[in-house]
Amino acid sequence: MGGLDGLILPLEGGAWPPGEHSFASRPLFPGVLPDWVNNHVAQAVIGAVLVILFWLWMARGQSVVPGKKQTFGELAYDFVRNGIARDILGPEFRKYLPLLLTLFSFILVNNLFGQFALFMFPTFSKIGFAWGLALVAWLVYNGAGIKKHGLFGYLKHATLPAGVPKFLWPLIIPLEFLSNIIVRPLTLGLRLFANLFAGHLVIVVFVVGGTMLLSTADQMGTAFPVPLLNVAGVVSILFSFAIFALELLVGSIQAYIFTVLTAQYVSSAIAEDH
Amino acid sequence: MLPLAGESPLGPLLPEHPEELYVGIVLFLIILAVMWKVVVPMFEKTYAERTAAIQGGIQKAEAAQAEAAAALEEYKAQLSSAREEASRIREEAKTQGAAIVADMRQQATEESSRLLANAKAQIEAERAAAVNSLRSEIGGLAITLAGRIVGESLDDDERARRTVDRFIADLETQSVEQA
């Protein structure tokens, strides 16, 4: 198995029960290229290409009076521009708009791959990708804070809320440092990863388990008769559709949340002290 | 039943391949570059153009309004100046007419008095001439008449001339008294 076969082979049964192994990658060219050139990396690249093509297509041939395509493009653009960037960052939003647009569209497309028939796998359920974007967000909001307040000014700004009495400083400063500098990127990455990991796992359970129940011819060591197991398989497969719909929602929400929180962190890092 | 080889205590919290992280960041940076250099500037350019078009339209309308107001103002000013001009011209014409009439009247008066004076002078001259000629004629006639009546010759010129003169002087006193 190599090349495209490794890329497009959705939801193979694998070993039962589903678990971490259900997320194992398949090298595209085993032995030829290193193992990390696998289906997950490939779909991340495809996702990036799709995002770039989408935005280039939307940005092309714009006019002052928008047509149908441009209206759609502006709807998507304004969702991030006005709904996230301008609302949270205020007048400075222009500087961070490309970053937020990139985060939102890249995460959204890759999350939707979880329900996309060719891949059936959300890229960000591989934590490496999620850590990558969390690292980017961490660098950006800390960098923005340091640029605005200076290194020590930013550390003070980030770790010491105004108006805290002096005797609480030993308690507050480590807590705030932990919360603002260390925990934020961890939660960003973990939240994205865990939602998609769990969602995909549930889907695999229902689809693969349902298929197994539906197609079983023996009792699989249980006390239930075979027809009952088959009926349970039908119900399980039907229910998986609801889970798919739920995952569409979860994937979109996670893309939104990641973008909003990044904007929020930047905003709090560059905020003036009151 | 979890057969993944080399599983760590962190399980799926560690990347399967560290390259996932790099790939994610690199892809992010590539998209970011496109967004930064192309997509966002193009969208923002369109938005700016739209804002400018709307604002420009408003400004254009305001300018047109101002222009119309200025034109109206100018028209009104022109109208009032034209009215002033017209009344001024009328006034001037009236004055000029009056002056012309007065002038003509004066000229006519002068002409008539001049004519009158001429006539008077002529009449006076003719009268003087007539008086002179009458005087000499009457003298001759009177002498002839008197000579016939008196029968006395009045050939003595000296005497005749004295007699005539005396007679005429009487006549003149008489005519002056009669007048």
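**Helical architecture of chains A and B**

Chain A comprises eight helices and zero strands, where helices (H or I, at least four residues) and strands (E, at least two) are DSSP runs numbered from the N terminus. The structure is a predicted model, in which local features need pLDDT of at least 70, side-chain atom pairs count only at pLDDT 80 or more, and totals for chains, interfaces and linings use all residues. Residues are numbered from 1 along each chain as its sequence is written, and chains are lettered from A and ligands numbered from 1 in the order in which they are written.

From the N terminus on, the order of elements in chain A is α-α-α-α-α-α-α-α. Its C-alpha atoms fill a box of roughly 70 × 60 × 40 Å along the principal axes. Of the 274 residues of chain A, 38% are buried; a residue is buried if 20 or more other C-beta atoms, placed from the backbone, lie within 10 Å of its own, exposed if 12 or fewer, and partly exposed in between. Among contacts in chain A with a separation of 6 or more, 67% join residues 24 or more positions apart, a contact being a pair of residues whose C-beta atoms, placed from the backbone, lie within 7 Å.

Helix H3 (residues 68-89) of chain A has 22 residues and reaches 29 Å from its first C-alpha to its last, close to the 32 Å expected at 1.5 Å a residue; the expected span is 1.5 Å times one less than the number of residues. A kink of about 35 degrees in H3(A) is centred on A:Asp78, the bend at a residue being the angle between axes fitted to the seven residues ending there and the seven starting there. The buried residues of H3(A) include A:Tyr77, A:Val80, A:Arg81 and A:Ile84. A:Gly90, with a positive phi near 70 degrees, follows H3(A). H4(A) is kinked by about 30 degrees, centred on A:Leu99, and is mostly covered, with 17 of its 20 residues buried.

The axes of helix H5 (residues 127-149) and helix H7 (residues 169-215) of chain A come within 8 Å and cross at roughly 145 degrees; axes are lines fitted to C-alpha atoms, for helices over the stretch in contact, and angles run from 0 to 180 degrees between N-to-C directions. Residues of H5(A), including A:Trp131 and A:Trp138, meet residues of H7(A), including A:Arg184 and A:Phe193. The residues of this contact divide into 11 nonpolar, one polar and one charged, with Ala, Val, Leu, Ile, Met, Phe, Trp, Tyr, Cys and Pro counted as nonpolar, Asp, Glu, Lys and Arg as charged, and the others, Gly among them, as polar.

Chain B has two helices and zero strands, and buried residues make up 8% of its 179 residues. In the interface, 34 residues of chain B are in contact with 39 residues of chain A. The side of chain B that touches chain A divides into 25 nonpolar, four polar and five charged residues. B:Ile31, found in helix H1 (residues 19-150) of chain B, is buried because 25 other C-beta atoms lie within 10 Å. Leaving aside neighbours within four places in sequence, B:Ile31 is in contact with A:Ala48, A:Val51, A:Ile52, A:Thr102 and A:Phe106. B:Arg127 also lies in helix H1 of chain B, but is exposed, with 10 other C-beta atoms within 10 Å. The C-alpha atoms of B:Arg127 and B:Ala53, 74 residues apart along the chain, are separated by 107 Å.

Methods: Two residues are in contact if their C-beta atoms, placed from the backbone, lie within 7 Å.
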